[in-house]
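I opened my notebook to record what I looked up in this model. My entries follow in the order I made them.

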Amino acid sequence: MNEKKIQDGFEGEKYISIPASAWKSAIKGNPIMNQLYVTYIGYFPKAAYHYRERPEGCSDNILIYCTRGKGWFIINNKRLDVGPNEFIIVPATKVPMSYGADINDPWTIYWVHFSGKDIDSFNKGFNINLYDGAQQILLNEKGIQIWESMYQNLELGYSKENLTNTNLCMYHLLATFLYPDKHSNVKVQDEKNMIKETVAYMKSNLSGKLTVEDLANKNNLSTSHFSKMFKKSTGMSPMDYLIHLKLQRACVQLYNSETKVKEIAASLGYDDPFHFSRLFKKNMRISPNQYRINRRKKLE
């Protein structure tokens, strides 16, 4: 049976397609705007079955910022995965591509299509390459604020002033992703560094049985304060994030090895393989063994 595929129309979505005549008129009135301009902007929350296929590529750059869930790009048969707190910028190309949400854990994304008079030179100047893949970023609050401002501005109409303001904001939006460290004050940056180090510690101790108390003590913080800071930065509670990392590791092992489920469970700190299987199915909506079978069928 074919999987359901949807381009847009998600509950709670925001989506604006700027008419070509509107931005061409704005550019004509102010040629400097020809350097960089927005063509589409959107927000898709928990976009189940999201899928787009572009057999002739895309003439725009595509920026996608994933705040929750997972998705993927396939560019010229090369797969690039996108996870929570990651962003990807795919440069304008004529290479065939497709992209969409993970079937079990669909992504929530902020996205923008943008172009320019010499978009190829722009991409070279900022070292934006076709197969760079997703890059990790802690919760980009500033970027989301700028995105919201751009969207609200465009909701008011496509006057030259609105489009010019939106296009100028696009530079600022890109800066928050390309140079994230430059857009946080010292206190926020210290917090982000702490969370980044905590995530790295989690990844290196997936076989253990870490608790919120362990992680809070490591950072000399109370459990409640640490949990609040962690969720603010990542969008997830510490334990939910740890489970996400463990299941991510389990998926890799299921896909790349013949290791038994109970052995994978043990390697991730779960003494009870049945508890691990229930946890896996609850989060992935499929059992570990069925996940292994389904993933391998896709290669056939």
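**Entry 1: Arg-285**

I began with Arg-285 and asked: is Arg-285 buried or exposed? Arg-285 counts as exposed, because its relative accessibility is 53%. I noted the cut-offs: buried means under 20% relative accessible area, exposed means over 50%, and partly exposed lies in between, with a 1.4 Å probe and protein chains only. The model is predicted, so local features need pLDDT of at least 70 and side-chain atom pairs count only at pLDDT 80 or more, while totals for chains, interfaces and linings use all residues. Residues are numbered from 1 along each chain as its sequence is written, and side-chain values use heavy atoms, with hydrogens and water left out.

Next I looked up where Arg-285 sits. I found Arg-285 in the loop between helix 10 (273-284) and helix 11 (288-297). Helices (H or I, at least four residues) and strands (E, at least two) are DSSP runs, numbered from the N terminus.

Which residues does Arg-285 touch, not counting residues up to four places away in sequence? I listed Lys-46, Asn-104 and Phe-280. Contact means heavy atoms within 4.5 Å. Asn-104 is 181 residues from Arg-285 along the chain, yet their C-alpha atoms are separated by 5.9 Å.

I traced an open sheet of six strands, in the order 1-2-9-4-7-10, with antiparallel pairing. Strand 1 (14-17) and strand 10 (135-136) stand at the edges with a single partner strand each, so one side of each has no neighbour in the sheet. Two strands pair if DSSP finds at least two bridges between them. Strands of a sheet pair through backbone hydrogen bonds, either parallel or antiparallel.

I then checked strand 1 against strand 2. They pair in the antiparallel sense over four bridges. Tyr-15 has Gly-42 as its bridge partner in strand 2.

Strand 3 pairs with strand 8 (residues 97-101) in the antiparallel sense over four bridges. For Tyr-51, the bridge partner in strand 8 is Gly-100.

I picked out Ser-98, which is also in strand 8. Ser-98 counts as buried, because its relative accessibility is 9%. Leaving out residues up to four places away in sequence, I saw that Ser-98 touches Tyr-51, Arg-52, Glu-53, Trp-72, Phe-73 and Ile-74.

**Entry 2: cores and helix 4**

How many residues does the largest nonpolar core have? I wrote down 37 residues, with Leu-63, Phe-114, Met-170 and Leu-173 making the most contacts inside it. A nonpolar core is a set of buried Ala, Val, Leu, Ile, Met, Phe, Trp, Tyr and Cys residues joined through side-chain atoms within 4.5 Å. Among the elements that each supply at least two residues of this core are strand 4 (61-68), strand 9 (108-115) and helix 4. A second, separate core has 32 residues, including Phe-230 and Val-261.

Leu-63 has contacts beyond its neighbours within four places in sequence; among them are Trp-111, Phe-114, Met-170 and Leu-173.

Helix 4 (residues 160-178) came next. Its 19 residues should span 27 Å at 1.5 Å a residue, and its end C-alpha atoms are 27 Å apart, which agrees. The expected span is 1.5 Å times one less than the number of residues. Buried residues of helix 4 include Leu-163, Met-170 and Leu-173.

**Entry 3: aromatic pairs**

I looked up 21 aromatic pairs in the structure. Rings of Phe, Tyr and Trp (its six-membered ring) pair if their centres lie within 6.5 Å; planes under 30 degrees apart count as stacked, over 60 as edge-to-face and the rest as tilted. Tyr-15 and Trp-111 form a tilted pair, 5.6 Å centre to centre with 45 degrees between the planes. Tyr-15 lies in strand 1 and Trp-111 in strand 9, so this pair ties together parts that are 96 residues apart in sequence. Tyr-15 is partly exposed at 34% relative accessible area, whereas Trp-111 counts as buried at 9% relative accessibility.
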